[in-house]
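Student: I am new to this structure. Could you guide me through it?

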Amino acid sequence: MGFDTSLIAGFPTAFLFFIAAAILPLFPHGKIRGVFMLVVPIIAALMIWSIGFGNFAQIPFFGFDLELMRVDGLSRIFTLVFCLAAFLGNMYALHLRDTTQQVAALLYAGSAIGAALAGDLITLFFYWEGTAIASVFLIWARGTEGAFNTGMRYLIIQIGSGVVLIAGVALFFRETGSIAFERMTLGSLGTWLIFLSFGVKCAFPLMHNWLQDSYPAATVTGTVILSAFTTKLAVYALARGFAGTEILIYIGVVMTLFPIFFAEIENDLRRVLAYSLNNQLGFMVVGIGIGTEMALNGTASHAFAHILYKALLFMSVGAVLFRTGTSKASELGGLYRTMPLTAMFCLVGAASISAFPLFSGFVTKSLVLGETANAHYQWVWLALVFASAGVLSHSGIKIPFFMFFAHDSGMRPKESPRHMLIAMGITAFLCIYIGVFPQTLYAILPFEMDYQPYTMGHVVGQLQLLLFALLAFGMLMRTGIHPPEIRAVNLDTDWTYRKAAPSVIGLAARGIAVIWNAQIGFLNRHMNGMIARLNHSHGPEGRMAREWPTGAMVIAIAGLLAATMVVGFL
Amino acid sequence: MSSEAQHVALSLQDHLPVLQVLIPFLAGPLIVLLGSRTLAWPVAFIASFAAFVCSGLLLSQVMNGGFISYHIGGWAPPLGIEYRVDAANALVLLLISGISTVVLPFAKPSVADEIPQRHHTLFYATFMLCLTGLLGVVITGDAFNVFVFLEISSLSTYVLVAKGASKDRRALSAAYDYLIMGTIGATFFVIGLGLLYMATGTLNMADMADRIAALGTNRTVQAGFAFIIIGMGLKAAMFPLHHWLPNAYNYAPSAVTAFLAATATKAAIYVMLRFMFSVFQPDFVLDMGATWIIGLLAVIAMFVASFIAVFQNNFKRMLAYSSIAQIGYMLLGISMFNLNGLTATMVHLFNHGITKAALFMAVGALVLRTGTTFYDRIAGMGRVMPFTGAAVVVGGLSLIGVPGTAGFISKWVLVQAAFDNGWWWMALAIMASSLLAVIYVWRIVEALYLHAPNPEAEHQEAPLMMLGPIWIMAGACVWFGFDTELTLGTARTAAEALLAGSAGMAEIPTAAMH
C-alpha cells in the first residue's frame, strides 16, 4: 500500500506503544514529549491502515502459537478508533507534567489495541490484564485517599475479570483443543466463564458498579482516556466471540434502561456520563445479540461514534472541572458566559449522543434500531426507543443545561486551555463530519453494506421523538417554575435523589450493613484467631519453625526410613 | 557407531564430559598452590566459566534425546567408571555451572565484605571443590562415584557454611548440624548402595538397572531403595528432613547461600530421579509405594514451609523456608508419576534455581549496605537501592509463579500434570500454596518499599559487580518465562527418557568414547 509493509508486518502494533512508554521518560517535560505522545498513535493508526488484512506476527509460546496481529474488518475499526481516542486523549492532556499518567496512558492504549488484535485467547488474556493494570494508575494519579480506595476496588474487579477469563480459556482449551479466538457458543462452563469475564468488563447489569465508581474518581484527563478503552474492548470481544447470542439482546436492553433513572437523579455530572456510558453500551450489546452482519456493523459504528462523542462530553465536563474544581450539577450553572467554546462543543457532544440528525449518533444508532426492527424484536425496539429518549434527557439536556445554563452560579471561570479546546474541536468536528458524511464511516465497517440513514422515515421519526422529549422537558419546567425560579425544578428532582431515594436506599443499606458487619465480624474474629494460631505454630518462635536438636533430626530420619520400608515391604 | 568406538578420540570436543569435572577439580588445588589472593578469584572464575561452556556444549548435543557415554581412562563399563550425559543431567549441569559462573562475580565484593581476607584463597578453592562435587554427582553414571562426589561437595559445603562465622558465630553450629545430618544422609546413601551391590554385584547404573530388573522381588533391593531415597531426601531437604537447611542457608555467607540454594538441593533431586527411574524401574517405585510417601510429604512441605515463610521476619530465612516449599513442588512432580509431572520437576528445578539465585544475591546486596537481613532493618531499602529492590520484585513474582516469569511455566506444567492424573484437588492445593507465596513475597515488598529507609544503613545502590549478576538472574527469570524452548523442551526430553526406565538408558548413544 503506502509503503513497504513487509518491514512492519511482523511487528505488533501494541509493542509500539510499549516501547514508546519505555522511552518516554527520557524526553524532557514539555513540547517534545507532548509531540511524542501525539505521534505514537498516528504511527500506530498508519501501521494498521497500511498493513492490510491478514494474520501477522505469530510467536510460539509454550507449545501454542500466539497470534499477535489479526487484522480484519472488525479488529481494524476498533483499533483505529482506539488510536484516534489515544491521540485525542493525549492532546487533551497536553498540559500534564506527570510521567506516571503519560506512561500509563500509552501502556493502556497499547494493551487495548493489542487485545483487539489478538488472534488467540491467551494473547487476549495478557493484554486484558494489561489494560487493567495500566489504567488503574490513571485513577491513582489523582492522589486522594478516596481515589486510592476506588482504584483498589477497580483493580480487584478488573484483575478478577482476567482471572475468570484465563480459567474459562483453560477449560475451553481442554474441551476443544484450540485457543483460537473465534465465535463461540455458550453452553459449557468454559465458554460461560469467558462470557462472564467479558461481561464484567462490559459492565453488564449488576456487574456495572466499578464503572460509576471509578470513572468519576479518575483525574480530569484520566477519565477521558478511561472512557474510551476498557468497555469498548469488551464490546469488541463480545462481538468477536459471542455474536448472535440471544441472551445478549436482553442484557443489552436492561443496560440501556436501568442507567436512565440513576443518571436522572445523579448530581455529579461525570457520574451521569458514566451511567449514560452504560446505556450506550446497551445499544452495542443488543446489536451483538442480534448478530447479523448489519447489526454488527451497527455495533462497530456505534462504538466508533460513541468513543468520540463520549470523549467529547467527558472532555467538556473535565474542562469545567479543571477550571472550577467541581463537576456537581447543583454547584454549576451559567458558565456559557465565559466558556462559550466549551459550551458549544458540549452541545455538539450532547446532540451526537442524543442522535440528532446530522450528528454522528444518528447515523450509527439507526443501524442498530433498524436491525432490531428487521429481526422482529418489537418489544426490544420499543425499549430502545424509550432509552433513546432517556439519553436525550440525561445526557443531551441535563449535562449542558446544568453546566452552562440553568441558574447562574456566579462563577466566571476562564475559557478552557487552548490544547483542550483543540482536542474538543477536533472531536466535535469528527462528530459532525460522521453525521453529515456517514458513508466515510460505513466504508471501514467490518461488513459491506448499502445503507442510507437519511430517509424520510428515519429523520422524521427521530425528530418526532426528540422534539416530543424536548417538549416534555419544557413542559415540566414550565409547570414546575410557576412562582419561583428554576430552582423549583432542582428542588423537585433534588427531593427524589436527595431525600426519597437515599432514605429507601439508606434503609436497605443499613439492613445490608448489619448483615455484612456481622459477617465481617465473624470472619475477623475467626480469621484473627486462625492467624494467631498459625503464628503460634508456624511463627519464628513456633513449633514448626523451631530449630531441632541434632538428635531429634536423626530420629526423624530413622522414623521416615522405617515408614518407607514398612510401606515398601507391605 | 561401532567404527567410531574403535578409533581413539583425541579432539577436545570428545573429552567434554571429563573436562566438565576436571577443570574445576584442578582449579581448586591450583588456587591453593598459587597462594595468591589476587589470582584466586580469576582462576576460579575462568574455571567456572570453562565448565559452563562445557555444559552448554554437552547440552546442545543431547537436548533432543540420546546420550553421551564417556569411559574414564578407556576402561569400558561396567568395570570402568562411566560418565553419562543425557538431557536430564545436561540441564542440571548447565544450571550448576551457570549459577556458579554468575555467582562468582557477585561473590567478589560480597566475600570481601563478609569473610576475613586471610581466608579468601581457601574460600575460592573450597568453592571450586564444591562445584566439582556437584558437577560430578550429576554427570557420573557410576553409582559409587555418585557417593564420592557427593562427599566432595558436602565436605566443602560444610566449610563454606562455616565461613559465615566471622559475621555470626552461629554459622559454626549450623555447619555442625549440617555436617552431622549430611553425613547421616550420605551414610544412608552408601548403605543403600552397599545393599544393591550385594544383590547385583555391580556399581554401574545401567548395568545395575538390568540386573535389578532380572532379580524380581528382592528384600535387599527394596531396603536399598528405602535407604537411597531417604539419604537423598535429606540432601534435597525433603520435609521433614529439612531442619539443617534454614540455619545453614541463613548463617552461610551470602554468595555461598546463593550458590547452594540454587544448586545443591537440585543435584540431590536429580540423583533421586535418576535412581528412581533409571536404576530402579518405574514399576518398582510404584510397588514400593514411594510416590505416596513423597507426594504426601511434598504437599505438607508446600503448606507448612510456606506458612513458616509467611511469618518470618528475616528475609534470608524466609527464602530458606520458601525453598523447602518449592522443593515440595519438585517432589510433587515426581509423585505425579506422569510425563508432565516429571517435566515439571525438571523445569522447576531449573527455574527455581535461577529465581532463588537472583533473590539470594539481592539479599547479599542488602547485607552489604545494611549488614543484616531482618525486615525492620532493611525497611525502605527498595527506595534507596532501586535496582536491587526491582530485582527482588522480579524474583518474587517468579517465586509466586506470575505469568511472564519462569516460575509460572513450571507451575503451569505441574498443574497440567495434576489434571492428567485427574487430581483436580491437587491443582487447587498448588494454587492455594501459591497464594501463600503471594503473602510472603508481599511482606518483603512492603518492607522494602512502604517504610521509611533505615537511617543507620548505608544509603547507596549496590556495586555494579553485584548488580550485574543479580540482573542477569532476574532477567533470566523473565526470559525463561517466555522462551521455553531450552527449559521446557529439554525437560520434556529428559522426562520421556526417565519414564522409559532403564530402557531410557539403553538406547543408542549419540557418541561413545574411550
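This is a predicted model: local features need pLDDT of at least 70, side-chain atom pairs count only at pLDDT 80 or more; totals for chains, interfaces and linings use all residues.

Student: What share of chain A counts as buried?

Tutor: Of its 570 residues, 50% are buried. A residue is buried if 20 or more other C-beta atoms lie within 10 Å of its own, exposed if 12 or fewer, and partly exposed in between, with C-beta atoms placed from the backbone.

Student: Which residues of helix 2 of chain A are buried?

Tutor: In that helix, residues 13-23, the buried ones are Thr13(A), Ala14(A), Leu16(A), Phe17(A), Ala20(A) and Ala21(A). Seen down the axis of helix 2 of chain A, they fall within an arc of 155°, so they line one face of the helix; the arc is that of the directions from the helix axis to the C-beta atoms. The face turned away from the buried side carries the exposed residues Ala22(A) and Ile23(A).

Student: What covers the buried residues of helix 2 of chain A?

Tutor: The cover includes helix 3 (31-51), helix 4 (73-92), helix 5 (99-117) and helix 6 (121-140) of chain A.

Student: Where does Leu38(A) lie?

Tutor: Leu38(A) is in helix 3 of chain A. It counts as partly exposed because it has 15 C-beta neighbours inside 10 Å. Leaving aside neighbours within four places in sequence, Leu38(A) is in contact with Phe87(A), Asn90(A) and Met91(A); contact means that the C-beta atoms, placed from the backbone, lie within 7 Å.

Student: Now the interface. How many residues does each chain bring to the contact?

Tutor: Chain B brings 31 residues and chain A 24 residues. On the side of chain B that touches chain A, the largest share, eight residues, comes from helix 9 of chain B. That side of chain B divides into 23 nonpolar, seven polar and one charged. Here Ala, Val, Leu, Ile, Met, Phe, Trp, Tyr, Cys and Pro count as nonpolar, Asp, Glu, Lys and Arg as charged, and the others, Gly among them, as polar.

Student: How do helix 14 and helix 15 of chain B cross?

Tutor: The axes of helix 14 (residues 315-336) and helix 15 (residues 339-370) of chain B come within 8 Å and cross at roughly 170°. That makes helix 14 of chain B roughly antiparallel to helix 15 of chain B, a label for angles over 145 degrees. Axes are lines fitted to C-alpha atoms, for helices over the stretch in contact, and angles run from 0 to 180 degrees between N-to-C directions. The residues of this contact divide into 12 nonpolar, seven polar and two charged.

Student: Is Met346(B) buried or exposed?

Tutor: Met346(B), which lies in helix 15 of chain B, counts as buried because it has 32 C-beta neighbours inside 10 Å. Not counting residues up to four places away in sequence, Met346(B) touches Ala88(B), Leu91(B), Ala491(B), Ala494(B) and Ala495(B).

How values were computed
Residues are numbered from 1 along each chain as its sequence is written. Chains are lettered from A and ligands numbered from 1 in the order in which they are written. Helices (H or I, at least four residues) and strands (E, at least two) are DSSP runs, numbered from the N terminus. Two residues are in contact if their C-beta atoms, placed from the backbone, lie within 7 Å. Angles under 35 degrees count as roughly parallel, over 145 as roughly antiparallel, 65 to 115 as roughly perpendicular and the rest as oblique.
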